[in-house]
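Hi everyone, thanks for making time today. I'd like to walk you through one protein chain, so please have a look at the screen.

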Amino acid sequence: MASIKRLSLILMTTCAGAALSACDGASDIASPGTGGNVIINNPPATPTPTPTPTPTPVVTPANACPTIADPQGLTEGDGSNRTIIGTSGEYLICTLPARINVSVNLPNIEGLVYRLAGRVDVGTDQGATSTNTAVTLSIEPGVVIYGGTGVSWLAVNRGNKINAVGTPDKPIIFTSRDNVAGIATENSSGQWGGVVLMGRAPITDCTITPGATPGTAACERQTEGAVDPAVYGGANSADSSGTMQYVQIRYSGYVLSSNNELQSLTTEGVGTGTKLDHIMSYNSSDDAVEMFGGSVNMKYFVAVGAEDDNLDTDTGVQANLQFVLAAQRPGIGDAMIEADSDNSADGDTPRQDTRLANFTFLQRSTSGSDLAAMLIRGGADYALANGVVVSPDLTCLRISRPQTIAATGTDENGPPLFRSVAMQCGTPKYLGAGGVTDAEVAAVFGAGANNNSDTHSSTLSGFVNGANETAVTAFDVTTLSAFFSDTAYIGAVKDANDTWWQGWTCTSATLAFAGSSACTSLPTN
């Protein structure tokens with residue numbers, strides 16, 4: 001009661017001093033618990049945190065591996081684990097046999113990936129003079145095949161075929177275990193081997209039977225670095241190793257032996273019956289593609305992040321390539337083009353004869369053993385038309401050895417031919433080597449026609465032509481080969497409406513492809 005009297009006194013004094021008519025004295029004040037109108041507001045209780053929901057995996061593992069025609073069948077797991085968990089979910093592992101002896105089909109099944117435990121052979125070698133097709137490996141759109149640890153690669157032997165046909169929205173993906181597990185980064189590379197196609201078309205540099213006549217069935221070679229026989233070469237320029245369309249090959253380039261690495265895609269004695277288009281190489285530790293001899297036709301090729309060359313052509317290849325887009329990671333990589341023969345076989349006939357049309361090269365390396373965006377040597381014939389080369393820190397064109405510019409070849413009497421090629425280059429712009437002077441290289445490029453200016457300043461929007469590229473008059477590439485599509489523009493991508501690259505590629509910081517999924521993860525559609 002004493003405390004209440006003191007409180008009443010304080011309030012009466014305050015009301016008097018403030019002349020507040022609303023103060024009626026102590027009669028309206030009640031002690032707590034007496035039923036008066038004093039309300040005590042305690043601080044609200046801390047709410048119980050809402051638990052973070054466990055994300056539902058997008059992908060759950062399939063129940064079982066499919067049955068294939070080969071009696072060996074597929075093996076569940078990798079020897080230790082039945083499944084593999086990645087950022088997209090969990091996948092059942094189905095391991096292919098070491099050698100496929102019967103034509104098989106690999107279906108696309110949700111929650112399932114196929115595994116190469118090591119070298120996987122498609123059929124056995126049928127020899128240089130055979131005409132049959134023994135085994136065909138068919139792969140459905142959307143299938144993912146990964147290389148296990150160690151020397152894992154797919155070897156399609158002579159007289160056998162691959163039928164890997166994806167679609168724009170369901171590309172077939174060859175990749176590494178780390179990529180499936182979600183731990184590969186945009187700087188990863190060399191995590192498995194790659195895809196090797198061996199055919200019965202003519203080659204040079206005969207190593208199995210030294211002294212054999214190049215271009216004949218007696219001229220054969222062994223795949224570089226392969227421990228077991230992996231032979232190619234023959235006399236059938238129309239030979240078929242099958243079809244690859246809408247295919248990605250990621251994180252490849254495993255070392256087979258000293259100075260011998262596999263590429264994303266290696267063609268060896270492949271003939272014109274082989275159909276190759278819409279193929280992407282991503283982060284190969286060696287070349288994006290290397291072509292050893294044969295007669296190769298390919299359209300719509302994308303090379304991103306190769307740590308050696310992007311187009312490496314060798315041993316007398318006769319190649320037609322159109323719509324090629326290549327970009328290096330900053331500061332990493334060698335040449336965009338390396339064309340030659342083995343040193344011991346320079347100038348062998350049939351001489352290499354490669355024709356390249358509608359290409360865009362983004363050379364971002366600041367060094368490299370080839371010291372140039374494009375290196376042509378070894379008596380190679382080469383024709384380049386409707387191209388864009390951006391190489392601000394390196395020489396654009398290097399030509400080595402007198403036989404490369406001698407008037408003894410097939411394209412314009414030998415020297416490399418340039419038509420409507422726009423180049424933005426470092427200093428020096430041209431570089432000679434091995435008996436060729438810088439001035440002779442400049443003269444080879446300058447001998448071109450059809451608005452062939454080497455004073456180009458790039459206005460590319462990423463990899464899409466800008467105003468300066470659009471201003472260059474295109475060359476009629478159908479005069480080089482009936483294989484080529486006629487275009488009215490230079491470069492690989494005409495404008496923003498030209499979207500042949502969209503969807504089936506993967507996107508990265510090196511080269512961003514709108515509408516494509518990330519290279520570091522697997523698509524879930």
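How many helices and how many strands does the secondary structure of the protein chain come to? The count is five helices and 33 strands. Helices here are DSSP runs of H or I with at least four residues, strands are runs of E with at least two, and both are numbered from the N terminus.

A word on where this comes from. This is a predicted model, in which local features need pLDDT of at least 70 and side-chain atom pairs count only at pLDDT 80 or more, while totals for chains, interfaces and linings use all residues. Residues are numbered from 1 along each chain as its sequence is written, and side-chain values use heavy atoms, with hydrogens and water left out.

Let's take the overall picture. The protein chain has 525 residues, and 57% of them count as buried. Buried means under 20% relative accessible area, exposed means over 50%, and partly exposed is in between, with a 1.4 Å probe and protein chains only. The chain exposes about 20,600 Å², with 52% of that supplied by carbon and sulfur atoms; these areas come from the Shrake-Rupley method with a 1.4 Å probe, and for residues only the protein chains shown count as cover. As for contacts, meaning heavy atoms within 4.5 Å, take those with a separation of 6 or more: residues 24 or more positions apart account for 72% of them.

Now to the cysteines. A disulfide is a covalent bond between the sulfur atoms of two cysteines; the cut-off used here is a pair of cysteine sulfur atoms within 2.5 Å. The structure holds four disulfides, and I'll show you some of them.

Start with C206 and C219, whose sulfur atoms are 2.1 Å apart. The torsion about their S-S bond is about -100°, so this disulfide is left-handed. Both cysteines lie in the loop between strand 13 (195–198) and strand 14 (221–222), so the bond ties together parts that are 13 residues apart in sequence. C206 is buried at a relative accessible area of 13%, and C219 is buried at 0%.

Next, C396 is joined to C425, again by a disulfide, with an S to S distance of 2.1 Å. Its torsion is about -105°, so this disulfide is left-handed. C396 sits in strand 29 (residues 395–400) and C425 in strand 30 (residues 417–425), so the pair connects parts that are 29 residues apart in sequence. Both cysteines are buried.

Then there is the disulfide of C506 and C519, with the sulfur atoms 2.0 Å apart. Is this disulfide left-handed or right-handed? The torsion is about 90°, so it is right-handed. C506 belongs to strand 32 (residues 506–507), and C519 to the segment after strand 33 (517–518), 13 residues apart. C506 has 1% relative accessibility and counts as buried, and C519 is buried with a relative accessible area of 1%.

On to the backbone. The peptide bond from T427 to P428 is cis, with omega near 0°, and P428 lies in the loop between strand 30 and strand 31 (430–433). N358, which is not a glycine, has a positive phi near 55°; this residue lies in strand 26 (residues 353–362) and is buried at 0%. R401 is another non-glycine with a positive phi, about 80°. You'll find R401 in the loop between strand 29 and helix 3 (402–405), buried with a relative accessible area of 17%.

Last topic: rings. Rings of Phe, Tyr and Trp (its six-membered ring) pair if their centres lie within 6.5 Å; planes under 30 degrees apart count as stacked, over 60 as edge-to-face and the rest as tilted. The structure holds twelve aromatic pairs. In one of them, Y251 and Y282 have ring centres 5.4 Å apart and planes at 90°, so the pair is edge-to-face. Y251 lies in the loop between strand 16 (242–250) and strand 17 (255–257), and Y282 in strand 20 (residues 275–282), so the pair ties together parts 31 residues apart in sequence. Y251 is buried at 0%, and Y282 is buried at 0% too.

Ring pairs also link Y300, F323 and W500 into a cluster. And finally, the charged end of K299 sits over the ring of F483, 4.8 Å from its centre; that calls for NZ of Lys or CZ of Arg within 6 Å of the ring centre and within 35 degrees of the ring normal.
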